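Me: I have a structure on my screen and would like to learn how to read it. Can we go through it feature by feature?

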Amino acid sequence: MTKFNLAKRILFAGAAMTMLAGAVHAEDVSIDVGSDKPIVVKKDGLKRIALFIEMATNTAVQSTVTGAKEAAARHGITVDVFDARFDIARQVNQMQNALIGGYDAWIVAAIEGQQVCDLAASQAPQAGIPVAVVTMSICGRSTEEGEKMWSPGTLTYIGGNESPNSFKRVMQQMVIDHPGPQKIAALTGQPLHPITLAFDKALKEFLEANPQVTLVAEHRTDYSPEQCQQKVQTTLQATPDLDAVIGVYTNMSKGAVPAVEAAGLSGKVRLYEAGGTIWSVDALKSGSISATTGYYRGTAAATAVELLVKAFNGETVPRAVMNDGHPLIPGEEAGQVGVVTASNVGQYVPQSP
């Protein structure tokens with residue numbers, strides 16, 4: 001072999017190695033999560049997602065699981081569900097274990113946004129794991145609105161229908177229905193839950209703007225209808241001239257309705273809630289409740305999966321997606337939750353039982 005041919009072969013081999021290296025490099029995708037360094041993943045490498053939820057027996061949370069799994073199945077992705085059972089220490093432990101569990105991405109529905117902040121917005125991205133946050137904002141952002149609900153270090157936030165302004169929208173419906181002085185009671189979840197924090201901020205601002213409304217009781221609950229029923233019964237005994245009850249979710253209404261009926265106050269004590277379910281639609285039609293708001297936790301989880309897929313394909317995804325990623329219902333404005341009453345209930349399609 002001549003020196004010339006040998007040189008040609010060496011050049012060809014070198015060029016081939018360069019092309020191969022370029023091809024391997026082209027398979028890497030950089031994902032911007034708003035931190036100092038992007039997350040580098042293999043293109044189309046999303047195969048396993050860890051989904052962290054609050055409580056598997058909660059009907060809204062069940063929609064989260066269904067939405068995530070159905071969307072993932074369309075892409076051949078496996079979703080493992082971690083049920084914290086409303087125990088923040090358990091959720092934190094689950095996330096710590098998942099850091100070394102071989103997961104390509106996380107979807108997080110947090111019980112308490114501050115305690116999972118470091119894991120979801122710092123440790124996970126440092127481990128090369130993009131995180132999509134759904135419904136409840138983390139890192140102290142649950143009382144924000146719009147894109148401010150996104151936490152740097154995470155890929156995206158999908159929700160918005162659990163923000164302070166969303167709760168104020170249904171609170172305002174109480175004043176629309178009954179403009180004069182009135183006494184109300186409120187039912188929330190656990191004190192540090194992101195939804196509770198958002199609701200409390202909304203309630204404070206609503207009461208300041210409507211001095212004719214008097215809050216006579218605010219109860220923390222475990223979201224069970226049974227406990228909510230007990231709380232409303234106690235309130236009605238102490239305040240028989242109560243005008244309305246507002247709750248952060250349908251389960252509050254499920255407990256409030258039998259309490260109001262047992263007290264013989266149906267039609268006198270109005271009930272308002274957030275997170276309209278199939279039950280809520282029937283209750284609006286029967287007149288058992290006066291208003292609810294649109295929750296689309298199934299859509300939010302499905303949107304999280306789709307945005308993760310796009311990110312692993314090298315596409316840019318939005319920092320925040322409002323209205324749970326769901327199309328607006330008639331009469332709903334962009335950036336505002338849709339209030340559902342008896343007048344427009346036929347246009348609302350619930351996602352939870």
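Reply: We will take the sheets, then the helices, then the aromatic rings, and end on a single lysine. This is a predicted model, where local features need pLDDT of at least 70, side-chain atom pairs count only at pLDDT 80 or more, and totals for chains, interfaces and linings use all residues. Residues are numbered from 1 along each chain as its sequence is written, and side-chain values use heavy atoms, with hydrogens and water left out.

Me: How do I read a sheet, and what is the order of the open sheet of six strands?

Reply: Start with the elements: helices (H or I, at least four residues) and strands (E, at least two) are DSSP runs, numbered from the N terminus. Two strands pair if DSSP finds at least two bridges between them. Here the six strands run in the order β4-β3-β5-β6-β7-β13, and their pairing is parallel. β4 and β13 (320-321) are the edge strands, each pairing on one side only. Inside the sheet, β5 (residues 105-108) and β6 (residues 131-135) run parallel and are joined by three bridges. Ile-107 stands opposite Ala-132 in β6.

Me: Which strands does α10 touch when it packs on this sheet?

Reply: Contact means heavy atoms within 4.5 Å. α10 touches β3, β5, β6, β7 (156-159) and β13. For directions, axes are lines fitted to C-alpha atoms, for helices over the stretch in contact, and angles run from 0 to 180 degrees between N-to-C directions. The direction of α10 makes about 155° with that of β5.

Me: In what order do the four strands of the other open sheet come?

Reply: The order is β9-β8-β10-β11, with parallel pairing. β9 (213-220) and β11 stand at the edges with a single partner strand each, so one side of each has no neighbour in the sheet. From one strand to the next, the twist averages 20°. Three bridges pair β10 with β11 in the parallel sense. Val-245 stands opposite Leu-271 in β11.

Me: Which strands do α6 and α7 lie across?

Reply: Helix α6 (residues 194-209) lies across β8, β9 and β10, at about 165° to β9. α7 also lies across β8, β9 and β10, running at about 140° to β9.

Me: How do I check a helix, and what should α2 span?

Reply: An α-helix has 3.6 residues a turn, so residues three or four places apart point the same way. The expected span of a helix is 1.5 Å times one less than its number of residues. α2 has 15 residues, so it should span 21 Å, and its end C-alpha atoms are 21 Å apart, which agrees. α8 has 13 residues and should span 18 Å; its ends are 19 Å apart, which agrees.

Me: Which residues form the ring cluster?

Reply: Phe-52, Phe-82, Tyr-103 and Trp-106 are linked by ring pairs. A charge sits over a ring if NZ of Lys or CZ of Arg is within 6 Å of the ring centre and within 35 degrees of the ring normal. The charged end of Arg-48 sits over the ring of Tyr-103, 4.2 Å from its centre.

Me: Where is Lys-310 found?

Reply: Lys-310 is in helix α10. Its relative accessibility is 37%, so it counts as partly exposed. Leaving out residues up to four places away in sequence, Lys-310 touches Glu-315 and Val-317.

Notes. Phe/Tyr/Trp six-rings, centres within 6.5 Å; stacked < 30°, edge-to-face > 60°. Buried < 20%, exposed > 50% of the residue type's maximum accessible area, 1.4 Å probe, protein only.
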